[in-house]
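Please work through the exercises below with the sequence and the model open beside you. Each task is followed by a solution that goes step by step.

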Amino acid sequence: MKRFSLFSVIMCLLLPGQVLASDLTIGFSWNSVTQPLERAWEDYMKSEAEVQGKAAGVNIKWVFNVADGDPSRQANNIEDLITQGVDIVSARAEDAGAINASIRAAKSAGIPFITFDRKSGSVAPTAHVGGDSYDQALTTGRAFADLLGSKGITGKCIELQGALTDINAVQRTKGWAEVVAERSEVSTITQVPTEWNPELFRSGLANALRANPDANCAFIASDFAITAVQAALEEADKWYPSGHPKHFWLATQDVLPGAVPLMEAKYIDVSTSYDAFAHSQEMVRVAIAIHKGQDPGCSADGCLAKGRVVTPATIGTIENLWSKTYN
Amino acid sequence: MNKNILQMQNIKKTYGPINALSNASILLKKGSVVALVGANGAGKSTLMNILGGITTPDDGEVLVNNKKVNFNSPVDAARYGIQFVHQELSIFKTMTVAENIFINQFPTQFGIISKQVIEATTRQLLAELGSNLNPHHYVESLSTGDCQMVVIARAMLGNPKILILDEPTSSLSKYEKEKLNLVIGRLKDAGVAIIYITHFISEIFEVCDSVTVMRNGTTISSQAIHETDNSKIIELMLGDVASIEKKRRKERNKNIFLKVDKLQNENKVKEATFELNKGEILGIWGLLGSGRTELVRSIIGLDGQPKGTILINNHGKLTPISAEYLSGITAYVSEDRRGEGVLLPMSVLKNTALPNLQKVSGNFGMIMLNKARNLATRVIKSLSIKVSNFDQKVGTLSGGNQQKIVFGKWLETEPYLLILDEPTRGLDISAKGEILKIATDLANNGVSILFISSELEELMKISDRYLILSERHVVAELPGDSTQDSLISALSKTVQGSAA
Amino acid sequence: MVNMITSILNFGRIKTKLSPPLLITGLMFFAALIFLFLNSPEFFLLKNIVNIFNQCAVLAILSLGMSTVMIGGGIDLSLPANMALSAIFGSTIMILTGSVALGCLIMLISGVAIGSLNGFAIARLRMIPFVVTLATMTICGGISVWVTNSVSIFNQPEKFFDIFLARVLGLPLSIYILILCLIMTQIAMSFTRFGWMVYAVGTSPAVCRVSRIPVKQVLFSTYVLAGFLAGVSAIVVTARLGSASANIGNDSVILDIVTACVIGGVSIYGGKGRPFGACVGAVLVVILGNILNLLEISFFIGLMLKGFLIIFFVSLDGLLVKQNE
Amino acid sequence: MNLDFTLNRALDFAFPIFLVLVSLGFALVEPSFLSLENIFGMLHAMAPIAVISTGMALIVIMGKLDISLGSIALVSMGVSATLLQSGYGFISSSVIALLVGATLGAVNGFIICILKVNPLIATLGTMLTFRGLGNQITDAQVVVLPDGFRALGNFSLGIIYFDTVICLVLLILVHALHRRTKFGKVVTAIGNDETTAERVGLPVTRTIFFSFVIAGMLASIGGFFASAQVGAVTSFLGKGLEFTAVAVVVVGGISLFGGRGSILWGVILGSLTFEVIRSGLNYLGANPYFYQLIGGVVIFIAMYAAAIKTGYSANNS
């Protein structure tokens with residue numbers, strides 16, 4: 001037990017104590033932090049808070065915690081935030097269903113709740129800030145269809161889906177399905193769910209390729225695990241840049257840092273950016289507005305920052321694409 | 001041929017209060033077979049453990065080839081050519097004969113075991129022992145006798161000067177015994193000296209050159225085989241019981257309580273038939289390995305389903321019942337007190353309540369603590385158990401008091417039948433007395449008792465009748481007033497009988 | 001380290017009635033509270049205390065179940081998966097029929113059913129508890145993922161939430177349910193025939209066999225009881241999260257349960273410990289999680305801490321067992 | 001007796017037959033399923049789990065279990081990935097990864113042999129401790145490995161993959177270790193009966209300890225293959241792998257009660273069975289969420305079979 005008293009003593013020394021005395025404290029609950037994307041969001045939110053905060057004369061403090069993909073832990077974390085007495089609670093939901101309870105709790109405690117990036121299931125938050133995943137898939141899909149059309153190719157595509165607990169993944173599937181329905185240039189020959197697990201990205205795609213030798217294109221629900229896709233394609237001898245006869249046509253989502261060089265090298269044909277910077281900017285704006293009791297003025301779907309279509313042609317020139325610049 | 005290879009002289013060894021060996025000696029000549037006999041608790045195994053380097057003596061000396069030695073480990077002993085074949089065979093079922101023989105001394109080249117080498121050696125070794133086992137058969141498919149062969153072969157690998165065989169035949173068939181005897185003969189010729197521990201007196205005359213008898217940790221005789229005979233040996237083993245005053249009044253009502261008819265349980269019990277009267281103490285008399293424990297366990301269905309019929313006196317007429325039913329009205333005091341008798345880490349209260357939970361619980365199976373407490377107090381009082389309070393952990397009690405707890409918890413179930421299997425093992429004199437007293441009192445109150453003991457004295461003290469067991473058969477039945485000699489001769493006769 | 005432990009042992013034996021593990025747990029608890037007092041006074045707001053208990057309700061109920069199994073000498077890794085599956089079944093039925101009562105009933109029934117499956121395999125077929133429940137865990141997980149496509153089910157009838165999120169005398173219902181379960185389990189283990197049998201079986205099946213205790217039935221029923229409690233926790237967790245999904249049964253939960261039990265003084269070697277202890281253990285686990293959050297210490301350090309706690313307490317327990325022999 | 005015997009023989013062949021039938025079934029629906037290409041593809045995909053199961057097999061034959069293997073894989077790869085990022089060479093970082101695996105295995109060995117903690121609980125504890133450690137190291141981020149690394153992961157001569165070959169070599173080595181060396185014999189003996197092994201004077205403690213070390217090293221090699229195939233180290237690495245490994249071993253006819261089974265054939269059979277089911281379902285585009293369920297059921301059946309075989313001797317463990 002020596003060990004433990006010692007432990008707590010050390011902790012005491014480590015701690016400056018909880019600081020809550022500030023104009024606006026935003027408690028933010030991450031479902032999990034497993035990609036550069038989340039880091040980028042966090043950094044941009046902090047920096048934006050400085051900028052916009054000064055402008056609006058609000059001193060913004062952040063309290064972040066992480067639930068490591070466990071919905072009940074996220075519920076606990078959010079309750080902790082509430083009892084810590086933050087002024088605004090915001091969360092990236094692990095589970096669209098489970099977050100409802102947390103929103104209820106926050107509201108009953110009279111604290112506004114902003115869902116970030118992932119929407120809640122049934123209970124409406126004070127506001128939602130995020131990317132427009134549906135639009136994202138739609139724009140990419142259309143651009144992809146145009147591209148294939150211009151090359152005179154009819155795309156037989158493998159769709160790699162995200163985790164269906166993630167509203168964004170669902171929206172992207174919807175968007176892509178929409179495109180497939182409206183355009184003759186592309187069709188989905190098989191769907192591979194990945195649970196956002198890179199190993200499934202690889203094995204799923206590899207199997208799908210073997211099962212469907214005639215496949216010539218893929219719609220990747222996110223390019224955070226693009227190396228896994230690359231591995232599978234290399235295994236199938238289909239990993240060649242655009243222009244090469246063996247080129248396998250790739251449409252991805254997000255343009256995350258890992259994907260940028262690959263698009264520059266023409267392996268990825270089209271994608272729509274997932275604009276961490278824009279999201280964070282929006283997040284802070286909405287938070288301040290709510291804090292000041294103003295209407296953030298969101299659309300019915302929430303305050304959505306639309307992404308921009310990126311292609312090897314445009315990636316060099318496109319303005320402030322976070323994943324290009326982000327460390 | 002008559003060179004002394006081993007002398008162990010006035011060895012002493014005490015475990016806490018009990019002194020296991022007070023003055024033990026044994027002498028072994030090259031190429032001879034010495035039988036080491038004695039009732040259990042006589043100290044045979046302790047003596048052999050000392051020789052095998054498993055324990056060290058407190059006093060006395062061990063000479064190998066007339067040089068004084070002291071072993072601190074089996075390895076030391078092995079270095080002096082001493083190999084110990086334990087009663088429970090150290091074999092590995094899922095490994096082959098060859099692997100089992102070489103298990104702790106595989107020959108390797110560059111760390112690789114060559115199957116050819118070990119199998120060749122194994123064949124040759126087994127051939128020497130006159131066995132034709134296949135080296136790459138798995139041991140789990142072998143008979144006990146063959147397993148024995150494997151273990152002996154393993155011992156031979158460390159080419160021993162002295163081989164200790166502890167109860168080698170306890171679970172062998174007649175045929176296998178004969179094979180073993182041949183092996184022993186061959187070993188003798190090879191100049192190996194053998195110490196042969198057994199409870200089957202008959203065997204001694206088949207293979208041994210001399211007999212060393214121990215009693216209560218002392219060597220009381222060492223004789224050449226031709227100078228002695230069955231009854232002499234058994235008498236020496238058991239010691240002559242001075243004037244035994246029967247603890248019980250002579251005249252008994254012959255009101256039959258239980259009848260066991262042709263009870264058969266695999267090879268544990270064979271065609272056992274006997275009767276037990278109400279309030280009678282039936283002494284079960286037989287040497288270890290004669291199937292005493294197996295018999296009593298079988299009738300209450302502790303070891304699988306026995307065949308044959310058990311009848312109980314139901315208002316004057318005998319009606320057949322199941323072993324389960326019988327166990328429902330039986331109190332069984334196991335010979336393994338710590339393993340099957342008491343829950344060591346638990347309180348006296350809980351131990352005494354264990355078989356009486358029905359009794360101490362009320363509605364919805366709620367335990368009535370006061371009832372449980374009363375019960376515990378009753379037990380403690382009636383058997384005058386020395387405990388501070390009934391929350392004391394049984395593990396902290398003396399052996400005698402633990403045994404009394406076992407009795408007490410059973411008495412509270414108001415049993416009709418009481419089975420006592422070596423109830424006084426490891427207890428001091430006074431405790432022994434008390435235990436016997438309790439037993440007789442119970443019998444006087446009409447409880448029928450099956451009483452197993454290796455100590456003829458206490459057996460004779462309280463038994464009203466004797467059932468003689470040998471080689472898992474009920475071989476005879478003697479009246480309560482039979483003398484020690486008649487009991488011993490009965491035993492040795494049957495031993496002779498079975499030996500022939 | 002060793003003489004530290006032995007000193008604790010003696011302390012535990014002579015000066016107090018507490019068993020050493022519980023003693024250490026108590027001290028940890030104390031340390032934690034002092035620490036919190038120093039670093040976040042707001043922790044001691046009644047509001048937060050209530051919140052803590054509300055958070056640990058599910059974990060505590062599961063730990064109660066686990067404690068009965070452990071005392072009987074077994075272990076049940078399938079409890080969280082069982083909870084998740086029961087929650088999913090119950091919610092589905094609830095949504096189909098719109099009947100809250102039926103939904104809850106289904107949760108309890110499926111909990112018991114899965115528990116009896118374990119019990120049967122272990123008591124009757126004499127399979128290894130750890131491995132059997134491991135398989136059950138995988139299967140339950142598989143079924144939940146399969147039937148839900150790992151999408152969570154969240155439109156249970158509002159009535160359900162109204163009932164189970166209701167606050168009585170300012171306390172959420174879940175706390176009352178926890179207390180009820182605690183009392184019932186504690187009584188069952190300490191004051192009933194069943195309980196005494198479980199302790200005996202956990203201590204020595206051989207003695208029990210000779211003493212005419214129905215060992216198999218006893219073992220079986222410990223798993224059934226655990227299953228039932230998993231069913232109860234399914235109701236609580238569904239109400240709490242407002243949804244049922246496959247990953248409420250993820251494997252970090254089982255870690256928390258085992259941690260709660262071992263630091264609550266329940267011996268994995270059977271026969272020792274109290275449901276109450278497990279409950280305290282659960283509270284401690286939640287408080288630790290809380291502290292880590294306050295310190296913004298990563299969840300992963302928390303994992304390491306728990307893993308360490310398990311090993312520390314179990315080895316301590318092993319040492320005790322030796323001492324007793 | 002005789003019936004039991006025939007039953008056992010039947011059970012020995014149950015899973016090979018099952019495997020063949022299932023494969024044929026898939027092939028009927030999708031003829032290309034049994035194409036050489038796909039078969040070697042599966043052998044490629046199953047390499048990581050096969051390697052880890054090899055270590056598990058050794059432990060199981062000893063009558064114990066190690067469910068921390070997946071986490072060990074994560075930690076060692078986490079370390080090597082971060083080293084690679086901070087400019088270490090490929091060789092050095094890989095060697096260090098191997099050492100990390102060995103060390104963590106040694107930690108298990110220490111807890112089990114010295115602290116005398118029941119292996120199940122011990123490795124349950126370390127499983128989570130190590131997972132925490134691993135994620136702490138990588139910050140739970142997706143760490144992208146250099147291209148050379150990934151190239152290695154999918155390097156193949158014709159249709160025969162590099163890691164498949166290595167995996168086979170390791171399998172044969174460990175198999176030989178088990179069948180042909182003193183160490184292996186002691187392992188089997190311990191699996192038979194630890195106390196007897198001690199009585200005969202075998203180096204029980206040492207053997208147990210080193211078995212866990214070996215298992216740890218194999219785990220890190222398995223982790224190496226897994227992350228090489230994906231070209232990144234992710235927090236998913238090795239999650240649930242330990243359970244799959246147990247399943248593989250059981251399906252491979254290696255008894256959980258210790259002492260029985262062939263590492264080489266057992267592991268190949270086991271991992272192939274699961275890979276066939278997985279890729280087969282994937283091939284048919286069956287509901288992918290169905291896989292975990294099938295997996296669980298297969299494990300349960302395998303264990304039930306094992307329980308029957310060993311006559312319910314649940315005393316070990």
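This is a predicted model: local features need pLDDT of at least 70, side-chain atom pairs count only at pLDDT 80 or more; totals for chains, interfaces and linings use all residues.

Residues are numbered from 1 along each chain as its sequence is written, and chains are lettered from A and ligands numbered from 1 in the order in which they are written.

**Exercise 1. Describe the overall build of chain B.**

Step 1: chain B holds 18 helices and 22 strands, where helices (H or I, at least four residues) and strands (E, at least two) are DSSP runs numbered from the N terminus.

Step 2: the C-alpha trace of chain B spans about 70 × 50 × 45 Å along its principal axes.

Step 3: among the contacts in chain B with a separation of 6 or more, 69% join residues 24 or more positions apart, a contact being two residues whose C-beta atoms, placed from the backbone, lie within 7 Å.

**Exercise 2. Is Leu23(C) buried, partly exposed or exposed?**

Step 1: locate Leu23(C) in helix α2 of chain C, residues 20–39.

Step 2: Leu23(C) has 19 C-beta neighbours inside 10 Å and therefore counts as partly exposed.

**Exercise 3. Which of the five pairs of touching chains has the most contacts, and what makes up its chain A side?**

Step 1: the pair with the most contacts is chains A and C, whereas no contact joins chains A and B, whose closest C-alpha atoms lie 25 Å apart.

Step 2: 35 residues of chain A are in contact with 41 residues of chain C. On the chain A side, α1, β2, α3 and α4 each supply at least two residues, and α3(A) gives the most, with nine residues.

Step 3: by class, this side of chain A has twelve nonpolar, 16 polar and seven charged residues; Ala, Val, Leu, Ile, Met, Phe, Trp, Tyr, Cys and Pro count as nonpolar, Asp, Glu, Lys and Arg as charged, and the others, Gly among them, as polar.

**Exercise 4. Trace the six-stranded sheet of chain A and the helices that lie on its strands.**

Step 1: the open sheet has the order β2-β1-β3-β4-β5-β11 in chain A, with parallel pairing; two strands pair if DSSP finds at least two bridges between them. Its edge strands, β2 and β11 of chain A, each pair on one side only.

Step 2: β1 (residues 24–30) and β3 (residues 88–91) of chain A are joined by four bridges, and Ser29(A) has Ala91(A) as its bridge partner in β3(A).

Step 3: α3(A) packs on the sheet, touching β1, β2 and β3 of chain A, and its direction makes about 170° with that of β1(A). Such angles run from 0 to 180 degrees between N-to-C directions, with axes being lines fitted to C-alpha atoms, for helices over the stretch in contact. α4(A) lies across β3 and β4 of chain A, at about 155° to β4(A).

Note on methods
A residue is buried if 20 or more other C-beta atoms lie within 10 Å of its own, exposed if 12 or fewer, and partly exposed in between; C-beta atoms are placed from the backbone.
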